[in-house]
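Work through the exercises below with the model open. Each task is followed by a stepwise solution.

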Amino acid sequence: MISLLIVDDEKIIRRGLQSVIERQFPNLFSYRFAENGQEALELLRQEPADMMFTDIRMPIMDGIELLEQLQDHPVKPEAVLLSGYNDFVYAQKAIRCAVKDYLIKPVKREELFAVLERLILDIRMREERADTAGEEARLVAAELVTLHLTQKDVGDAITPNKAGLSWLDAGYTLGLLTRRGEGAQVSRVDAAAFRNRITELLQGHMDWMLTRDGTGGTILIARDPVMFYQLAERWRLSGTESQLRIAISDSVQGIEQIRWAYSQAKQTLKYGILLPELDVLEPNGISERNERHVVPVEFIRRIMNFIGLGRGDEIKRLLDQILDIRMISSCEIGYLERISQLLNEEVFDKLFGIYGYKVLGLLRSHAHVGHIGNFDRFEDYYTAVEQLLGSLDRFIQDRREKAPTEQHTMQKVVAYLQTHYADDLNMAVVSNHFSLNYSYFSHAFQEYSGESFSNYVRRLRLGKAKELLEYSDLKVYEISEQVGFENVKHFTRIFKDTEGITALEFRNQRRQKYE
């Protein structure tokens, strides 16, 4: 798995990113989290990460300082900077720290996925080179194929003749090989064992090569397309527990056509969810499908409106219309992909935006629903979506029934904070005071107030401090102490970061109004 470190002082941001990424790339990433740069550095010293997403503005150590500190590390993650501030100065600093990209909050799904896909490709390319080190002939052939697939400059150093692939000029077929039930991604160890098994079954055949596509997928290139059907038959007869699925391209000539053949095979593979009975998928069996049918956007939005209202029968009827197998079977696969995308954006993402942590557990446990590539059969995808919608409907209905009691409790909490803001406050203290579970309290307060407990208390204290700066003659350190900051240095830094000016400058500005 690819290790991903998410660094942000807001837990809802950390877990929200994980939820969105898991639905698009299930079982691909292992996750670690840090609340600030210093904590991230400690985690990276213990174990390196392949990727890191880090916020800019964080307490203790911000994202820029974290990146600067990492420049001396022997193993640096691929870094992406997150910020709620579209500030060119930050972007300049980030470029100097060799970040891979810079995303503005709230992060758009498409931009996030594009960055992840690019980083995954870079990491897989490095793995390819590492796995094939010491196997010169195979390395040259695999590198030549990968260079063409990724549209990188091939140059004159590597040619089909030098790589032992001159037979490609006479014509060949490209196939993508997967095992049913493995989902979108598999581990490197499993992938290597899979390729070794394929190699054993192809012993005795001529003019073929087995390699990877730069993203972990297994590619078989063969002169004779019959070889793919023979391989599928041998796999079945071998008694292997998993089932083999192969998507092939039309026959092409010359290595220059590899990218086109790969793209066609990759598109053909998507149709496996609608043609589960086939071991070998051919492009000519899917080329004449309807490309013009309108996606039922309004039905999907209507489902969102019904969630939590106890109208499960109506949700089921809408889902039957949206995922009508007769319509989907007659359309090209982009129709089903668009429906899946809209279910993510118009239902699951919006519910997370409204209910946050309360639905995060449900969404995470059903992360595979986010991508049709995780399913071998359409029936399995339909059932998974139906179950998730049912779980969300029941869960949110239950939450709404409990909402009046919860809201009354949170009103008491806010009144308590308004009175005790200068005390040594933290979530443990306040949750204990109201006899509430710590995790429940964190989630409930976030939903009620619209921000985290720490942000709310900080904003409350700063508001009281501004009143004292304007209407009292207390010194800055005295005000800092009176409103509950741990020390004046911390207060002045937070004040400057929030207001853009120092506490004394704020006082002078306000008092000039009365002169």
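**Exercise 1. Find where Asn 27 sits, classify its exposure and check its phi.**

Solution. This is a predicted model.
- Step 1: Asn 27 has a relative accessibility of 63%. The cut-off for exposed is over 50%, so Asn 27 counts as exposed.
- Step 2: Asn 27 belongs to the loop between α1 (11-24) and β2 (29-34).
- Step 3: its phi is positive, about 65°, although Asn 27 is not a glycine.
- Step 4: Most residues other than glycine have a negative phi.

**Exercise 2. Repeat the analysis for Ile 60: which loop holds this residue, and is it buried or exposed?**

Solution. 
- Step 1: the loop between β3 (51-55) and α3 (63-70) holds Ile 60.
- Step 2: Ile 60 has a relative accessible area of 57% and is exposed.

**Exercise 3. Which side chain does Lys 105 meet in a salt bridge, and which parts of the chain does the pair tie together?**

Solution. 
- Step 1: side chains of opposite charge can pair when their charged atoms come close.
- Step 2: Lys 105 meets Asp 8 in a salt bridge, at 2.7 Å from N to O.
- Step 3: Lys 105 lies in the loop between β5 and α5, and Asp 8 in the loop between β1 (2-7) and α1, so the pair ties together parts 97 residues apart in sequence.
- Step 4: Lys 105 is partly exposed at 23% relative accessibility, while Asp 8 is buried at 0%.

**Exercise 4. Locate the partners in the salt bridge between Arg 23 and Asp 349, then find the network that holds them.**

Solution. 
- Step 1: the closest N and O atoms of Arg 23 and Asp 349 are 2.0 Å apart.
- Step 2: Arg 23 is in helix α1 and Asp 349 in helix α13 (residues 334-355), so this pair ties together parts 326 residues apart in sequence.
- Step 3: Arg 23 counts as buried at 2% relative accessibility. Asp 349 also counts as buried, at 17%.
- Step 4: a network of salt bridges links Arg 23, Arg 109, Glu 345 and Asp 349.
- Step 5: for context, the count of salt bridges comes to 23.

**Exercise 5. What separates Lys 316 and Asp 320 within helix α11?**

Solution. 
- Step 1: Lys 316 forms a salt bridge with Asp 320, with the closest N and O atoms 3.2 Å apart.
- Step 2: the two residues are 4 apart in helix α11 (residues 312-322), which means a separation of about one helical turn.
- Step 3: Lys 316 is partly exposed at 31%, and Asp 320 is partly exposed at 33%.

**Exercise 6. Describe how helices α18 and α20 cross, and list the contact.**

Solution. 
- Step 1: the axes of α18 (residues 453-471) and α20 (residues 488-499) come within 11 Å and cross at roughly 95°.
- Step 2: angles of 65 to 115 degrees count as roughly perpendicular, so α18 and α20 are roughly perpendicular to each other.
- Step 3: α18 contributes Arg 458, Leu 462, Ala 465, Lys 466 and Leu 469 to the contact, and α20 contributes Phe 491, Ile 494, Phe 495, Thr 498 and Glu 499.
- Step 4: by class, the residues of this contact are 6 nonpolar, 1 polar and 3 charged.

**Exercise 7. Which residues does Glu 22 touch, and is Glu 22 buried or exposed?**

Solution. 
- Step 1: Glu 22 is placed in helix α1.
- Step 2: Glu 22 has a relative accessible area of 15% and is buried.
- Step 3: leaving out residues up to four places away in sequence, Glu 22 touches Tyr 31, Arg 364 and Ala 367.

Note on methods:
Residues numbered from 1 in each chain as written. Predicted model: local features only at pLDDT ≥ 70, side-chain atom pairs only at ≥ 80, totals over all residues. Heavy atoms only, no water. Buried < 20%, exposed > 50% of the residue type's maximum accessible area, 1.4 Å probe, protein only. Salt bridge = Lys/Arg side-chain N within 4 Å of Asp/Glu carboxyl O. Axes fitted to C-alpha atoms, helices over the stretch in contact; angles between N-to-C directions. Parallel < 35°, antiparallel > 145°, perpendicular 65-115°, else oblique. Contact = heavy atoms within 4.5 Å. Nonpolar A, V, L, I, M, F, W, Y, C, P; charged D, E, K, R; others polar.
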